[in-house]
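Me: I have a model open and want to learn how to read it. Can we go feature by feature?

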Amino acid sequence: MAEFHLPLSQVRCMNCANKIKAALTALPNTTADVDTKKAKVSTEEPLRAIFSVIEDLGYGVGQQHSLPLAGLSCGRCVAKVQQAFDQHPLVSKATVTKHQLDISGLISTQEISEIVTVLGYRVEQQPTITLALSGLSCGKCVAKVEKALGEQADISQFSVTKNSAVISSALTTTTLIEIIEQLGFQATIASPEFSDTTASTEQTNAETNQKQHQADIDTKTATQVEDLANQQTTQFLLTGMTCASCVSSVEKAILNVAGVLTANINLAERTALVSGTATNIDIITAVINAGYGAEISEDEHSRRQRQQEQQTTSYKTHIRNAIIALSIGVPLMAWGVFGGSMMIDSTASQMGWGFIGVITLVLLVTTGRHFYVNAYKAFLHHRASMDTLVALGTGAAWVYSTLVVIAPDWFPPQARHVYYEASAMILGLITLGHALEAKARTRTSQAIERLIDLQPQTAIIVRNGEEIEVELDQVQKGMLVRLRPGAKVPVDGVVEQGDSYIDESMLTGEPLAVNKQSGDTIHAGTINQNGSLLFKAEQIGNDTMLARIIQLVRQAQSSKPALAKLADSISAIFVPAVMIIATVTAMAWYYFGPQPSAVYMLVTATTVLIIACPCALGLATPMSVTVGIGRAAEYGVLIRDAEAMQVAANIDTVVLDKTGTITEGKPRVTETISYSDHSKQTLLSLAASLELHSEHPLAKAFVQEAQAQSLTLDDNAQFKAIPGLGVVGNLSSPATKTHYELLLGNAALLEQHDISTEMAQADNLKLAQTGATVVFFAVNQKLAGVFAVSDPLRADSAAAISRLQAMKLNVVMLTGDTEVTAQAIAKQAGIDRVIAGVLPDGKAQLITDLQQQGQRIAMVGDGINDAPALAQAEVGLAMGSGSDVAIESAQFTLMRHSLHGVADALQLSQATLNNMKQNLFGAFIYNSLGIPIAAGLLFPFTGTLLSPVVAGAAMALSSITVVSNANRLRLFTPNKKES
């Protein structure tokens with residue numbers, strides 16, 4: 001129960017106050033004390049509901065702020081701030097744009113500023129208002145005004161004298177004047193001349209107040225930052241959940257714990273992923289108090305072991321209970337089907353069916369006990385779940401049958417029918433469905449289980465020259481670890497000694513092994529092939545790349561797309577709605593149905609309760625999300641959340657950055673042309689020697705190409721870099737006693753030194769048209785040759801782009817290169833639309849321009865300069881080889897250095913979305929058709945009613961169908977064809 005103290009406005013009399021009080025107390029569990037100035041409200045309703053009631057009556061409530069914002073550069077920034085205030089308990093309504101925040105509630109300007117600051121943005125300085133004061137005769141009067149202004153949360157700073165007040169505030173001038181006049185003094189807006197004469201006097205005081213106020217903000221901000229740093233994400237294993245209504249109950253219980261920011265409940269895996277600063281014991285206690293069970297999952301291995309134990313135990317229990325229930329129910333049903341009497345028409349039949357009733361009761365309180373226990377817990381917490389429906393249905397059948405056996409005279413002869421077989425068969429079929437569902441659910445997490453299996457459980461550490469095999473958790477950062485041929489890498493580290501090839505396909509999807517030598521990084525879970533390596537442990541435990549991938553996949557599997565949220569909203573009211581439908585159905589058959597109306601009432605109400613269990617509805621989206629994100633991880637596509645998958649499925653335009661995305665991002669010398677007596681190898685050797693110590697981006701290309709050709713480089717070159725032109729230098733070869741004067745750069749460099757480049761013009765034009773950068777090389781004041789330096793396409797970029805185009809996607813290349821170079825690369829890649837010459841800060845704006853044309857954009861990039869565009873696009877895909885900033889800004893991370901990952905990601909997203917829609921359609925159609933038929937819709941046409949037993953079988957089958965359909969995603973393979 002929360003208590004709010006609400007300031008009111010426009011409330012002119014007590015009649016208005018009483019009107020507000022009546023409206024507030026009409027809300028559930030709400031009390032209110034209202035006068036013309038304020039309202040004291042105790043309620044369980046959210047603040048926005050209270051504000052809505054008062055505002056709908058035409059009165060003002062709370063505080064309204066309109067503040068200028070700075071630092072918000074994209075829609076994602078806006079959404080981040082919007083979410084923060086939407087979730088704030090003291091905010092009624094907030095509207096955020098890139099430049100403005102309009103907000104109403106019980107939150108002060110200072111608190112708003114602090115929240116915005118913690119999020120990484122800022123509230124612009126508030127306007128300063130100067131008021132001329134009169135009536136202040138002494139220091140006490142000044143202190144009185146200062147106290148009144150200090151009590152206003154929306155005033156950030158102020159300075160008061162007997163004659164004036166300088167105030168920085170988001171409040172209006174009229175409001176400030178009213179505050180002062182209520183104290184018995186007069187205030188007016190100061191004239192410009194008055195402001196000028198008082199400015200110097202006020203400045204010192206204002207600066208002092210400002211410094212003190214800023215210190216207070218800094219202290220509170222530091223505290224909030226510390227709170228953010230203390231936030232953690234913890235996974236809990238849950239028990240007792242059976243349907244979507246349970247998910248809603250558990251989620252509500254956890255979110256009500258102080259310090260919890262988010263809670264994602266996964267019905268498919270029976271887990272909860274909770275973020276915030278709340279303690280684990282508080283969260284577990286909240287779940288237990290809600291009627292369910294929870295335990296913490298310390299790490300992936302313990303979670304896996306405990307979850308397997310739970311699933312195995314659950315499966316065995318369900319199978320055992322199903323066999324027991326069906327062994328009683330099947331003979332009873334067979335007796336009725338093959339002509340046996342199920343009517344109470346004699347003392348012998350009373351005794352016989354009475355004995356069966358006792359056996360059925362034993363069955364209900366043993367194998368069916370959990371249905372009734374969970375239904376009772378739900379009742380205590382004022383909710384209804386699937387167990388409620390099953391308990392009501394089976395219980396009603398047993399109670400009715402028992403009353404018929406004990407007092408048959410209470411019923412007409414034709415109504416003395418027993419339904420013990422229905423209770424037994426319903427329990428048996430539903431429990432069997434749970435068993436089969438549990439068995440199928442174990443397959444949904446196979447992708448993440450395979451990731452966990454990649455990491456070995458032991459490692460060989462080297463200590464004092466001795467190799468010792470230890471448990472993985474004993475490996476510490478900085479230890480030397482021996483990696484033998486054929487072994488899996490236990491932790492992330494850097495190679496100290498040795499040379500070998502490492503299979504990194506589990507991380508990158510690349511089939512070819514990568515050579516690793518001293519200084520190279522290796523990652524946990526990858527596989528050593530032939531050589532032996534000695535490496536230093538750098539990242540251990542949950543800090544390894546593999547552990548971070550597993551955690552990212554786990555979080556994504558627990559997230560919810562918009563479709564899931566829709567299903568949750570429906571599920572939250574579904575069970576109560578079904579109970580109402582069952583009650584209305586029972587009344588309709590009792591009052592308007594044929595005789596025996598009691599029998600028809602029982603059959604239809606029980607059937608409605610049983611067939612409408614929302615198991616399939618609750619499993620529809622979590623199952624698809626869990627399998628789809630796991631399948632994506634197998635293809636090297638890491639997805640931040642399920643919402644991104646749903647958005648990605650509707651993309652129509654893919655924007656590709658050029659450097660490092662379409663191309664390799666590593667310039668290479670692709671061609672050497674000589675115009676002198678020097679050979680190509682000699683020219684390359686001289687140029688690489690000149691560039692050996694240069695920091696120019698192209699220098700490495702010359703050095704690497706010379707080393708690749710095993711050319712000898714001279715370390716004695718003297719050089720000078722000339723920005724925008726190239727490099728000049730001298731080189732003397734002791735071996736040949738030859739001195740070289742060298743110039744390496746563009747044509748302007750050579751022309752500056754009066755060296756003609758005419759003979760290279762034809763080659764220059766030819767090479768430029770291929771997308772290469774032409775570098776001129778002069779030796780001893782003569783043009784000696786030219787080099788073509790290019791950033792080549794990735795080997796499979798053209799094929800991947802053709803594949804994207806075959807998917808009916810518009811492909812756009814975005815680059816800062818010149819138009820000629822960009823068009824040459826685009827032609828090689830098969831891209832028709834090119835946008836060249838875009839500065840780094842203009843990429844996000846270009847994405848915005850495309851969006852305004854109605855295009856839904858997927859942006860693919862790898863550099864820091866791509867981060868704003870990745871964030872602005874509907875979906876951002878970062879190459880795994882790119883910068884951390886780019887990866888953080890994107891919703892998808894491609895572990896493979898290939899654009900095929902983009903097509904894989906989009907196809908997997910589409911397949912997952914289609915699977916979710918299929919499951920939801922099946923669940924909705926099942927209930928939409930099943931409930932009317934169960935209620936007797938076909939009776940006027942066929943004269944028969946749906947049996948509760950058939951309803952139980954249909955309900956179980958619907959869950960199994962949803963789980964099985966979701967598991968089809970495990971077999972999905974992205975289409976590699978280009979057309």
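Me: Let's start with one residue. In which strand does valine 727 lie?

Reply: This is a predicted model, so keep that in mind throughout. Valine 727 lies in strand β30, which spans residues 726-733.

Me: Is valine 727 buried or exposed?

Reply: Look at the relative accessible area. Under 20% counts as buried. Valine 727 has 3%, so it is buried.

Me: Which residues is valine 727 in contact with, leaving aside neighbours within four places in sequence?

Reply: Leu690, Glu691, Phe719, Lys720, Ala721, Leu742, Leu743, Leu744 and Leu749. Take valine 727 and serine 694: they are 33 residues apart in sequence, and their C-alpha atoms are 8.6 Å apart in space.

Me: Now zoom out. How many helices and strands does the protein have?

Reply: The secondary structure comes to 34 helices and 38 strands. The protein has 979 residues, and 52% of them are buried. Take the contacts with a separation of 6 or more: residues 24 or more positions apart account for 69% of those.

Me: How do I read a helix pair? At what angle do helix α1 and helix α2 pack?

Reply: Read the angle and the axis distance together. Helix α1 (residues 14-25) and helix α2 (residues 47-56) pack at about 140 degrees, with axes 10 Å apart. Over 145 degrees would count as roughly antiparallel. The angle here makes α1 oblique to α2.

Me: Is the crossing of α1 and α2 left-handed or right-handed?

Reply: The crossing is right-handed. On α1, the contact is made by Ile20, Ala23 and Leu24. On α2, Ile50, Val53 and Ile54 make it.

Me: Next, aromatic rings. How many aromatic pairs are there?

Reply: Ring centres must lie within 6.5 Å to pair, and planes over 60 degrees apart count as edge-to-face. By this rule, there are three aromatic pairs. In one, the rings of tyrosine 590 and tyrosine 591 have centres 5.3 Å apart and planes at 90 degrees, so the pair is edge-to-face.

Me: Which of these two tyrosines is exposed, and which is partly exposed?

Reply: Tyrosine 591 is exposed, with a relative accessible area of 58%. Tyrosine 590 is partly exposed, at 41%.

Me: Why is the pair of phenylalanine 702 and phenylalanine 787 edge-to-face?

Reply: Because the ring planes of phenylalanine 702 and phenylalanine 787 stand at 90 degrees, with centres 5.1 Å apart. This pair links distant parts of the chain, 85 residues apart. Phenylalanine 702 is in helix α24 (residues 699-708), and phenylalanine 787 is in strand β33 (residues 782-790). Phenylalanine 702 is buried, at 1% relative accessible area. Phenylalanine 787 is also buried, at 0%. Ring pairs join Phe702, Phe777 and Phe787 into a cluster.

Me: Last, the cores. Which residues of the largest nonpolar core touch the most other members?

Reply: In soluble globular proteins, nonpolar side chains tend to be buried together. Here the largest nonpolar core has 43 residues. Val654, Leu656, Ile662, Ile831, Leu877, Phe892 and Val902 touch the most other members. Helix α32 (residues 900-935) gives the most to this core, with seven residues.

Me: What is phenylalanine 892 in contact with, beyond four places in sequence?

Reply: Its contacts include Val637, Leu638, Ile639, Met645, Val875, Leu877, Ala905 and Ser909. Apart from this core lies another, of 27 residues, among them Leu364, Ala397, Tyr400 and Ala422.

Terms used: Residues are numbered from 1 along each chain as its sequence is written. This is a predicted model: local features need pLDDT of at least 70, side-chain atom pairs count only at pLDDT 80 or more; totals for chains, interfaces and linings use all residues. Side-chain values use heavy atoms; hydrogens and water are left out. Rings of Phe, Tyr and Trp (its six-membered ring) pair if their centres lie within 6.5 Å; planes under 30 degrees apart count as stacked, over 60 as edge-to-face and the rest as tilted. Buried means under 20% relative accessible area, exposed over 50%, partly exposed in between (1.4 Å probe, protein chains only). Helices (H or I, at least four residues) and strands (E, at least two) are DSSP runs, numbered from the N terminus. A nonpolar core is a set of buried Ala, Val, Leu, Ile, Met, Phe, Trp, Tyr and Cys residues joined through side-chain atoms within 4.5 Å. Contact means heavy atoms within 4.5 Å. Axes are lines fitted to C-alpha atoms, for helices over the stretch in contact, and angles run from 0 to 180 degrees between N-to-C directions. Angles under 35 degrees count as roughly parallel, over 145 as roughly antiparallel, 65 to 115 as roughly perpendicular and the rest as oblique. A crossing is left-handed if the near helix is turned anticlockwise from the far one by less than a right angle, and right-handed if clockwise.
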